[in-house]
Amino acid sequence: MTATPEIQPIPAEQDGGSYDVVIVGAGISGIGAAYRIAERNPGVRYVILERRERIGGTWDLFRYPGVRSDSSIFSLSWPWEPWTRKEGVADGDHIREYMEDTAKKHGILPHIHFHTHVTSADWDSATDTWTVHTTENGTPKVYRGRFVFFGSGYYNYDEGYTPDFPGLETFTGTKVHPQFWPEDLDYTGKKMVVIGSGATAISLIPALAQKASKVTMLQRSPTYLLAGSRVNPLIEAVRKVFPRKFSHAFARYFAVAFESVVWFLARTAPGLARKIIRAQNASRLPAGYPVDVHFKPRYNVWDQRLCLVADGDMFDAIKDGRAEVVTDHIDHVDATGIMLKSGQHVDADIIVTATGLQLQALGGVRITLDGNEIKPQDRFSYKAHMLEDVPNLIWCIGYTNASWTLRADITARAAAELIDYMNTRGYTHAFPHPGGEPIAEKLAWDIQAGYVLRNLHALPKSGTKRPWVVRQNYLADAIDYHFVDKVDEDMTFGRVASPVPAAG
């Protein structure tokens, strides 16, 4: 490895140490990055900074009843560590357990510093070093590294999104946002209203309906729902016959192929996709149910994410009378529930605002280059994992139409290869530079989801042509990564004039 810098002594109690790579976040992205970087670069010194008390990221943050994967766990799990449970649609606590067991198995856990909140990352071009400022259990601590890898996700962990519903403050019952679900909330026998119809609501409502007296999903407009089995019989048959490594690869490629076919059909034959989904919905709902009122969106399939209904549990809850769907607009909230524009009143003991997320780039960390603050939103994204003219910084963000881990693993492997490439050639910095030609711009995420439309420019920019385009196409990205891309394409490499000695 390239010598890790030792610069400007700091108080011992604030010195977090010097590393080759500082990874932010101990979720799917961060743990995956640690594995791939160490696999390609034996002996690499890395640290993972995690602000929470446990591994998991999203799968530790969200603890509401029914939280589960909304894509196949075989594509959400890492390709290098097989998922051993039989469920292809996995519960959140099982996903987190898988992540923690994997980190222990591969020796990643000792590298994680918990309760460590990253506040800023400062690049010094005189030493080609990132200085990462944190608070660790409330105490300032500084880490230094040649590279920094952001595996901190794409949304604000501190704030969910709740619209300004008139009168919400007058409600005398309990108000809950799924992002901050109280562990001691007792909803047994309660009347509950869940505002929203996205993936969170669809997984939450069937779970709530097992204890609540009545659960109402209140939506302004319908969402596409597609029922799927928690356990795929074909995948289970293969897993019983073939070795784990082969069967995991088969399950992964099967999941990717199925999700790709569904997406391709939706984009090329939207009318047919709508008919197929409507027919399935109607077959799972009571006879005479107003499908076109509550389950006929105004947009085409995959203009927004398609919601997975595991084992059809949402439809079953409706059929059994434990849940209902109301499609209307909120006029105001009062002491006992919600008054709708139609004049209907929905009684509630508990209101759940499953109204979405707040987009945020790089976890809200302040980034400076030689003392000058930069905004990630103002920079173009290079191959969906680096930022224009920002040295030695990798950011990880998944797909909107496929499993997060699919691109996270490509990003982790690209980072590992870049580090290896630089070390074998003696480079200490690298950054992508677009050259003299202006880059045509498009939105990084062109999906019509509310959390995207509310803040269109929260993420780094995307061009329209590779390598500056952020695509939502795993197959194209995988082909480029394996057969087309070169590590030095459109990259500027260099080294500090006088490399500093290794730390320690």
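Tutor: Buried means under 20% relative accessible area, exposed means over 50%, and partly exposed lies in between, with a 1.4 Å probe and protein chains only. This is a predicted model: local features need pLDDT of at least 70, side-chain atom pairs count only at pLDDT 80 or more, and totals for chains, interfaces and linings use all residues. Residues are numbered from 1 along each chain as its sequence is written, and side-chain values use heavy atoms, leaving out hydrogens and water.

Student: Which residues of α7 are called buried?

Tutor: They are S247, H248, A251, R252, A255, V256, E259 and A266. Helices (H or I, at least four residues) and strands (E, at least two) are DSSP runs, numbered from the N terminus.

Student: What do the buried residues of α7 pack against?

Tutor: They pack against α3 (73-76), α6 (233-241), α8 (270-284), α11 and α13 (474-484). Contact means heavy atoms within 4.5 Å.

Student: What makes the span of helix α7 agree with expectation?

Tutor: The expected span is 1.5 Å times one less than the number of residues. For the 25 residues of α7 (244-268) that gives 36 Å, and the end C-alpha atoms are 36 Å apart, so the two agree. Helix α11 (404-425) also agrees: its 22 residues should span 32 Å, and its ends are 32 Å apart.

Student: Why is α11 described as largely enclosed by the rest of the structure?

Tutor: Because 16 of its 22 residues are buried. Just after α11, G426 takes a positive phi of about 80°.

Student: Why is T336 called partly exposed?

Tutor: Its relative accessible area is 47%, so T336 is partly exposed. T336 is found in the loop between β13 and β14. Leaving aside residues up to four places away in sequence, T336 touches F171, H345, V346, D347 and A348.

Student: What makes β13 and β15 edge strands?

Tutor: Two strands pair if DSSP finds at least two bridges between them. The open sheet runs β13-β14-β15, with antiparallel pairing. β13 (330-334) and β15 (345-347) each pair on one side only. 4 bridges join β13 to β14 (337-340); H332 stands opposite M339 in β14.

Student: Why is the aromatic pair of F62 and Y64 called edge-to-face?

Tutor: Rings of Phe, Tyr and Trp (its six-membered ring) pair if their centres lie within 6.5 Å; planes under 30 degrees apart count as stacked, over 60 as edge-to-face and the rest as tilted. F62 and Y64 lie 6.1 Å centre to centre, with 75° between the planes, an edge-to-face pair. W78 and W80 are stacked, at 5.0 Å and 20°. Both W78 and W80 are buried. F62 and Y64 are buried too.

Student: What puts the charged end of R407 over the ring of Y399?

Tutor: The rule asks for NZ of Lys or CZ of Arg within 6 Å of the ring centre and within 35 degrees of the ring normal. R407 sits over Y399 at 4.2 Å from its centre. R425 lies over the face of Y421, 3.7 Å from the ring centre.
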